[in-house]
Amino acid sequence: MLKRITDTSAGDAQPVQAAGRRLKTFKGTMSPITLTDLNECWQLDLRCFIDGEAYERETFRYLLSNTQTVARQIRSEDGDMTAFVIGVIEPDGTGHITTIGVAPETRRRGLARLLMHEIERSFAARGVRTVRLEVRVGNLAAQFLYEQLGYIIVQRMDRYYSNGDDGYLMVKSLDPCD
Ligand SMILES: CC(C)(COP(=O)(O)OP(=O)(O)OC[C@H]1O[C@@H](n2cnc3c(N)ncnc32)[C@H](O)[C@@H]1OP(=O)(O)O)[C@@H](O)C(=O)NCCC(=O)NCCS
């Protein structure tokens, strides 16, 4: 279970606290990711996505330089980046979550759920009504996370990933009437 203590506005680090089902707790802050965080974000991504699945450093630079990008990080009380999410508002107005990662030692504390709620809130504030993302067919942890948040598998994409893995396309409507 996790709650955001106050609203997050761009540029400010807001306190967050979290507790997973097994009483693992976390205290830290959430804030936007900027280009000054580039190296740390890339390094954390390398720890989260093993087997060559991680983004290139320049991909992060591109994403963090894009005005259509929404990017949030969670830092521990020691100041270390422990979790991040990046999404882009596509030309058709869809919010596209491109990557999310939580440091292995701080998983199952609700940090990914908090980041997903925050990016959805930020997308909605910018007029996004539908969010999409891709996930490996074998990545059950991420699929459980997304399903818990209301995402639905709408398509299986053969050999979507560079190593030949299949992917699922998942979507969620942010429209309360749907
Ligand atoms: C997937 C990932 C982001 C989840 O981060 P997390 O902070 O541990 O997730 P949370 O603690 O917020 O979990 C929220 C819910 O997701 C599901 N979940 C998360 N990890 C899970 C796991 N290992 N097994 C089963 N369910 C899991 C659960 O439903 C969980 O709720 P619960 O703890 O109340 O049961 C993290 O495991 C990660 O960084 N993985 C490597 C990178 C990756 O695969 N990113 C997604 C690419 S599409």
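Helices (H or I, at least four residues) and strands (E, at least two) are DSSP runs, numbered from the N terminus. With that in hand, the protein chain can be read as four helices and nine strands. From the N terminus on, their order is β-β-β-α-α-β-β-β-α-β-α-β-β. Please keep in mind that this is a predicted model, in which local features need pLDDT of at least 70 and side-chain atom pairs count only at pLDDT 80 or more, while totals for chains, interfaces and linings use all residues. Residues are numbered from 1 along each chain as its sequence is written.

Let us begin with the overall form. Along the principal axes, the C-alpha atoms of the protein chain fill a box of roughly 40 × 40 × 35 Å. The radius of gyration, taken over C-alpha atoms, can be set against a globule rule of 2.2 Å times the number of residues to the power 0.38. For 178 residues a compact globule would come out near 16 Å, and the protein chain agrees with this because its own value is 15 Å. Two residues are in contact if their C-beta atoms, placed from the backbone, lie within 7 Å. Among contacts with a separation of 6 or more, 55% join residues 24 or more positions apart.

Next, the inside. A residue is buried if 20 or more other C-beta atoms lie within 10 Å of its own, exposed if 12 or fewer, and partly exposed in between, with C-beta atoms placed from the backbone. By this count, 29% of the 178 residues of the protein chain are buried. A nonpolar core is a set of buried Ala, Val, Leu, Ile, Met, Phe, Trp, Tyr and Cys residues joined through C-beta atoms within 7 Å. The largest such core has 34 residues, and Phe84 and Leu115 are among those that touch the most other members. Helix α3 gives the largest share of this core, seven residues. Leaving aside residues up to four places away in sequence, Phe84 touches Ile33, Cys41, Leu44, Arg72, Gln73 and Gly101.

A residue is near a molecule if its C-beta atom, placed from the backbone, lies within 6 Å of it. The ligand is surrounded by 21 residues, and the closest are Arg107, Ala112, Arg113, Ala141 and Leu145. Two or more residues each come from β6, α3 and α4 (140-148), and α4 provides the largest share, five residues. Ala, Val, Leu, Ile, Met, Phe, Trp, Tyr, Cys and Pro count as nonpolar, Asp, Glu, Lys and Arg as charged, and the others, Gly among them, as polar. The shell holds 11 nonpolar, five polar and five charged residues.

A few arginines are worth a visit. Arg108 sits in the loop between β6 (95-102) and α3 (111-125), and has a positive phi of about 60° although it is not a glycine. Arg108 counts as partly exposed because it has 13 C-beta neighbours inside 10 Å. In helix α1 (residues 38-48) you will find Arg47, which touches Ala103 and Pro104, not counting residues up to four places away in sequence.

Finally, look at β8 (152-157) and β9 (167-173), with Arg159 in the loop between them. Arg159 has 10 C-beta neighbours inside 10 Å and therefore counts as exposed. Two strands pair if DSSP finds at least two bridges between them; β8 and β9 do so in the antiparallel sense over five bridges. None of the six residues of β8 is buried.
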